[in-house]
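Please consult the sequence and structure shown here while reading.

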Amino acid sequence: MAIRQGASLGGIAWKVFGQDVSTGGLPLLMIHGFGCGAADWGRLPQMLASRGKRQVLCFDHRGVGGSRCTPGPCSIQDLARDSQDVLEAAALGNRVHLLGISMGGMVSQHLALESPGLVASLTLGATTHGGRDARPPPPDFLELCGRWIESDFGDAAAQARVAQSFVQLCAPPGLRGRPGPSSRQVAQFAATPRTRCGLERQFGALARFNSTKYLANILAPTLVIHGGADAVIPPENGESLASKILARAF
């Protein structure tokens with residue numbers, strides 16, 4: 001499969017999977033969650049590019065993988081700007097299908113609200129609108145994120161331990177601690193370089209996010225997907241999110 005890669009002017013690393021197929025669909029922009037990069041999607045971008053006969057763009061969040069971390073405070077709006085910058089750098093046009101999970105779902109909501117002409121369709125997975133109507137992640141997840149941010153990013157063994165805790169905590173209860181795919185996921189997740197700057201700023205951005213009052217203004221056809229056993233973003237958040245978006249399926 002054809003793969004193109006590069007970086008935006010702001011230093012955000014991106015990859016495009018698939019060839020420009022004139023008979024295929026619009027490009028798909030995939031936006032991952034907290035602390036994640038393009039590699040953390042696994043083979044999903046390639047699969048979607050092949051089956052959809054379309055180009056699929058994904059990227060490393062700032063301070064993750066090959067992306068620089070910009071000093072100073074960061075907001076979901078800033079992360080949405082990163083997304084638009086990589087779309088421009090990859091020269092994929094000005095209209096895409098948009099898929100975001102977790103923090104990436106927050107970024108996707110912002111894009112759908114602020115740049116409605118960009119978004120042909122919106123898929124939101126395992127995410128939340130934030131604010132008082134949202135159910136927060138469990139305390140053990142927030143504690144783990146705090147320990148991760150304060151960990152030694154130059155210590156590979158320490159990062160591997162954090163990666164294992166993070167993946168296990170995010171996994172469905174029935175898969176926690178089991179060998180096999182989860183072990184491969186931990187190794188893959190640990191292989192993505194991360195920085196304190198990146199995680200600290202991303203965590204601050206998602207903690208301040210609140211789109212509740214604006215969701216009825218989303219015009220793009222929207223699919224909201226949420227696992228019933230989600231251990232990080234309680235599934236009630238998916239129900240609440242879908243109830244506030246008029247052009248949606250859940």
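**Strand pairing**

Trp14 lies opposite Phe59 of strand 4. The model is predicted: local features need pLDDT of at least 70, side-chain atom pairs count only at pLDDT 80 or more, and totals for chains, interfaces and linings use all residues. Residues are numbered from 1 along each chain as its sequence is written, and side-chain values use heavy atoms, with hydrogens and water left out.

- Strand 2 (residues 13–17) and strand 4 run antiparallel and are joined by 4 bridges; strands (E, at least two residues) and helices (H or I, at least four) are DSSP runs numbered from the N terminus, and two strands pair if DSSP finds at least two bridges between them.
- Strand 3 (residues 28–31) pairs with strand 4 in the parallel sense over 2 bridges, and Leu28 has Val56 as its bridge partner in strand 4.

**Burial**

- Strand 4 (residues 56–59) is covered on both faces, with Val56 and Cys58 buried on one side and Leu57 and Phe59 on the other; buried means under 20% relative accessible area and exposed over 50%, with partly exposed in between (1.4 Å probe, protein chains only).
- In helix 4 (residues 139–149), the buried residues are Phe141, Leu144, Cys145, Trp148 and Ile149.
- Viewed down the axis of helix 4, these buried residues fall within an arc of 135°, so they line one face of the helix; the arc is that of the directions from the helix axis to the C-beta atoms.
- Pro139 and Glu143 are exposed on the face of helix 4 turned away from its buried side.
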